[in-house]
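Here is a briefing on one protein model. Read it alongside the sequence and the 3D view.

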Amino acid sequence: MDLYAVSKLEEMTDIKKVNQYLELGWKLLHIYSTAYDTQFPGANFQTAHYVIGWLDGEPQYPPKKKEWDGTGNPFGDWD
């Protein structure tokens, strides 16, 4: 794949969100990790980062979740 063909880049850490984008046709371009706290011996505080790209045309995005408006049950109806 030629990187000049990438029209939109996104970087995220939520693998579920990454999978939603990949199902729509986004391409996984790079995976890297960061370590935020290395002061404790043996601690493994790393976060995986995923870089995805959209190649042709207007990018497609997963539908946004409805945000809670502050009324009713924030977890949905129990019916």
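T47 is partly exposed, with a relative accessible area of 26%; partly exposed covers the range between buried (under 20%) and exposed (over 50%), using a 1.4 Å probe and protein chains only. T47 sits in strand β3; strands are DSSP runs of E with at least two residues, helices are runs of H or I with at least four, and both are numbered from the N terminus. This is a predicted model, in which local features need pLDDT of at least 70, side-chain atom pairs count only at pLDDT 80 or more, and totals for chains, interfaces and linings use all residues. Residues are numbered from 1 along each chain as its sequence is written, and side-chain values use heavy atoms, with hydrogens and water left out.

- Beyond its neighbours within four places in sequence, T47 contacts T13, Y32, S33, T34 and Y36; contact means heavy atoms within 4.5 Å.
- T47 and Y32 are 15 residues apart along the chain, and 8.4 Å separates their C-alpha atoms.
- H49 also lies in strand β3.
- H49 is buried, at 7% relative accessibility.
- The side chains of H49 and E11 are joined by a polar contact of 2.5 Å.
- A polar contact is a pair of N or O atoms within 3.5 Å; within protein, one must be able to donate a hydrogen and the other to accept it, and residues adjacent in sequence count only if both atoms are side-chain atoms.
- Not counting residues up to four places away in sequence, H49 touches E11, M12, T13, H30, I31, Y32, S33, T34 and Y36.

**Overall layout**

- The protein has one helix and three strands.
- Their order from the N terminus is β-α-β-β.
- Of the 79 residues, 16% are buried.
- Among contacts with a separation of 6 or more, 61% link residues 24 or more positions apart.
- The accessible surface is about 6800 Å², and carbon and sulfur atoms account for 52% of that surface; accessible areas come from the Shrake-Rupley method with a 1.4 Å probe, and for residues only the protein chains shown count as cover.

**Nonpolar core**

- The largest nonpolar core has seven residues: M12, V18, Y21, W26, Y50, I52 and W54.
- A nonpolar core is a set of buried Ala, Val, Leu, Ile, Met, Phe, Trp, Tyr and Cys residues joined through side-chain atoms within 4.5 Å.
- Both α1 and β3 supply at least two residues of this core.
- β3 gives the most, with three residues.
- M12 contacts K17, V18, Y21, A48, H49, Y50 and I52, leaving aside neighbours within four places in sequence.

**Aromatic rings**

- The structure holds four aromatic pairs; rings of Phe, Tyr and Trp (its six-membered ring) pair if their centres lie within 6.5 Å, and planes under 30 degrees apart count as stacked, over 60 as edge-to-face and the rest as tilted.
- Y21 and W26 form an edge-to-face pair, at 5.2 Å centre to centre and 70° between the planes.
- Both Y21 and W26 are buried.
- The rings of W26 and Y61 have centres 5.6 Å apart and planes at 55°, so this pair is tilted.
- W26 lies in the loop between α1 (15-23) and β2 (27-37), and Y61 in the segment after β3 (45-54), so the pair ties together parts that are 35 residues apart in sequence.
- W26 has 2% relative accessibility and counts as buried, whereas Y61 is partly exposed at 41%.
- Y21, W26, W54 and Y61 form one aromatic cluster.

**Helix α1 and its ends**

- At the start of α1, a side-chain oxygen of D14 comes to within 3.0 Å of the backbone nitrogen of K16.
- Just after α1, G25 adopts a positive phi of about 115°.
- L22 is in helix α1 and is partly exposed, at 30% relative accessibility.
- Apart from neighbours within four places in sequence, L22 contacts K27, L28 and I52.
- L22 and P62 are 40 residues apart along the chain, with 9.9 Å between their C-alpha atoms.

**Strand β2: L29**

- L29 is placed in strand β2 and is partly exposed, at 25% relative accessibility.
- L29 and L9 lie 20 residues apart in sequence and 9.1 Å apart in space, C-alpha to C-alpha.
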